[in-house]
Amino acid sequence: MVATLSSPKLLINGELVEASDKKTFPLYNPATREKVADVPEASEQDANAAVAAAKAAFPAWSALDPSARAGYFKKLANLLRAHSSELAELEAQAMGRPVAQYFDAFAAAGNFDHYAEAWPHIQGQASLNTPGYVTMTLRQPMGVVAAIIPWNVPLLFLSSKCAPALISGNTVVLKSSEKAPLTAARVAELVIEAGFPPGVFNIISGHGLPSGAVLSRHMDVRALSFTGSGRTGRLIQEMAAQTNLKKVTLELGGKSPALIFGDADMDKAVEETVNSIQWNSGQVCMANSRIYVEKSAAPAFTEAFSRRFQAVNAGNPLEKTTNHGPQADEVQYKSVMAYIEEGKASGGQLTLGGNGTLEKTGGFFVEPTVFVDTPETARIMKEEIFGPVVLINTFETEEEAITRANDTEYGLYASVYTKDVDRALRIAKALESGYVGVNCTSPATGRDLPFGGYKMSGQGREGWLHSLDHFLETKSVIIKVAHL
Ligand code: NAD
């Protein structure tokens with residue numbers, strides 16, 4: 001029996017409720033286009049009620065011993081692990097992620113476990129550097145925090161935002177993505193099972209309008225952590241600026257380059273760059289969607305890359321043998337197909353794929369697609385496609401490789417493959433990117449490293465201890481002491 005959640009609810013003030021105006025929106029399985037659920041569309045009133053509940057819960061939650069907060073985290077982490085298969089099936093039906101590739105529930109549990117132990121790192125400092133005074137800083141929670149997440153790896157983002165916010169003593173309202181609301185709605189039930197006090201952890205579903213915008217404009221929301229597109233990131237930043245200047249953290253899109261030099265371990269470079277752009281059907285912010293290969297090595301690399309890339313097993317994401325699911329919905333499918341059509345007209349050469357298989361399969365599947373020698377000025381070289389589409393170009397010198405890699409408004413992840421360690425480190429320094437992989441590419445990440453983007457890829461850095469800073473105020477206290 002495949003898991004279902006046919007009537008998901010909003011979690012507001014510890015209660016699972018329908019939208020106040022009973023409004024729902026239909027969610028369709030992108031592999032079959034069958035309806036999966038009617039999902040509550042949180043109204044303006046619901047978003048306001050969630051913030052009000054979080055505000056009311058804040059004094060008691062922030063006063064609680066952090067190890068007691070951690071107790072709820074440990075229960076939730078265990079529940080997430082216990083329900084991993086069910087959550088995998090819900091995600092497969094909502095946005096098409098193959099169950100065989102589902103790791104999100106364990107990763108989310110790991111985040112809650114991590115922050116359950118991380119609270120002793122919430123520390124200020126003290127000094128005697130001002131004669132006659134003892135000075136200190138205190139780190140304190142901000143109040144109500146909002147989290148707005150995308151659909152591509154939903155529970156990872158739910159946990160990486162809510163866990164550091166909550167352990168710091170803030171209360172939270174999370175809004176899930178309209179394209180993948182089911183796992184968050186199931187987590188809402190698990191939050192109740194874990195015993196979180198009412199109002200501490202609220203989870204709502206719906207579109208950007210109205211509920212996302214209500215959270216962004218809300219005068220009682222003091223910090224907002226967002227992962228999603230640059231377009232929405234700008235809107236949220238604007239809404240924050242127009243209202244209470246809430247602290248906004250933005251994790252946005254990417255157009256990540258991988259630079260492959262002729263001396264690289266080619267088998268590894270091929271295997272890892274294919275995985276980076278193929279996993280989750282290319283719907284990954286840090287996927288290496290642009291590959292620059294040293295000219296002499298390009299024919300062999302492109303041939304091996306294409307052979308491996310096309311050998312996917314596309315099909316029903318609920319089948320354990322599937323490793324290539326559909327795009328998340330019709331909007332994503334049409335957007336990827338439009339970019340492919342534009343790529344064909346741009347002067348680049350389509351050497352693999354280039355087709356959607358909607359008519360054949362009834363689902364929003366896109367074939368692994370390769371373009372070579374696309375003009376650097378083409379729109380598909382500049383914009384995020386968010387599909388299984390890679391652009392392979394060549395370079396002749398190290399300088400040219402760096403210039404091309406940096407010729408983008410994005411800067412989330414970049415990688416370089418070479419055996420020359422001096423060159424690797426020169427390039428790592430020169431790349432305008434929040435993350436650099438040397439002889440590896442995304443999704444390779446260090447668990448304790450900060451993650452975030454240069455340029456239009458975002459503002460701020462997330463990751464274990466780094467994320468705590470987003471959700472804590474710093475207060476300076478100066479104490480005059482007689483005869484010190
Ligand atoms: P999106 O911007 O369309 O939506 C993200 C969230 O914002 C959703 O919950 C949506 O409902 C909400 N939203 C939409 N309009 C809003 C508004 N006016 N006010 C408030 N909220 C609003 O992005 P998406 O399509 O869900 O996700 C894909 C994008 O996310 C890609 O650009 C991808 O690169 C990026 N992403 C970035 C990272 C990262 O860590 N940097 C990770 C994953 C995805």
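Student: Where is Pro210 found?
Tutor: This is a predicted model, in which local features need pLDDT of at least 70, side-chain atom pairs count only at pLDDT 80 or more, and totals for chains, interfaces and linings use all residues. Residues are numbered from 1 along each chain as its sequence is written, and side-chain values use heavy atoms, with hydrogens and water left out. Helices (H or I, at least four residues) and strands (E, at least two) are DSSP runs, numbered from the N terminus. On that count, Pro210 belongs to helix H7 (residues 208-217).

Student: Is the peptide bond from Leu209 to Pro210 cis or trans?
Tutor: Look at omega. For the bond from Leu209 to Pro210, omega is near 10°. That bond is cis.

Student: Which residue does a cis peptide bond join to Pro443?
Tutor: Pro443 sits in the loop between strand S18 (436-438) and strand S19 (458-459). Omega of the cis bond is about 10°. The partner is Ser442.

Student: What share of the 484 residues counts as buried?
Tutor: Buried means under 20% relative accessible area, exposed over 50%, and partly exposed in between (1.4 Å probe, protein chains only). By that cut-off, the buried share of the 484 residues is 55%.

Student: Which residues touch the most other members of the largest nonpolar core?
Tutor: A nonpolar core is a set of buried Ala, Val, Leu, Ile, Met, Phe, Trp, Tyr and Cys residues joined through side-chain atoms within 4.5 Å. The largest one has 51 residues. Helix H5 (residues 154-167) gives the most to this core, with eight residues. The members that touch the most others are Leu80, Leu158, Phe196, Phe201 and Ile203.

Student: What is Phe196 in contact with?
Tutor: Contact means heavy atoms within 4.5 Å. Set aside neighbours within four places in sequence. Phe196 is then in contact with Trp61, Tyr72, Phe73, Leu76, Leu166, Val191 and Phe201.

Student: Is Gly387 buried or exposed?
Tutor: Gly387 is in the loop between helix H13 (379-382) and strand S16 (389-395). Not counting residues up to four places away in sequence, Gly387 touches Ile277, Ser281, Gly282, Gln327 and Val336. Its relative accessible area is 3%, so Gly387 is buried.

Student: What does Gln332 touch?
Tutor: Gln332 lies in helix H11 (residues 330-345). Gln332 is buried, with a relative accessible area of 13%. Leaving out residues up to four places away in sequence, Gln332 touches Trp151, Lys179, Gln283, Gln327 and Phe386.

Student: How far apart in space are Ala258 and Val436?
Tutor: Ala258 is in strand S12 (residues 257-260). Ala258 is buried, at 0% relative accessibility. In sequence, Ala258 and Val436 are 178 residues apart. Their C-alpha to C-alpha distance is 9.5 Å.

Student: Is His483 buried or exposed?
Tutor: His483 lies in the segment after strand S20 (472-480). His483 is not a glycine, yet its phi is positive, about 55°. With 85% relative accessibility, His483 counts as exposed.

Student: What is the phi of Arg33?
Tutor: Arg33 is in the loop between strand S3 (24-28) and strand S4 (35-40). Arg33 is partly exposed, with a relative accessible area of 44%. Phi is positive here, in a residue other than glycine, and lies near 65°.
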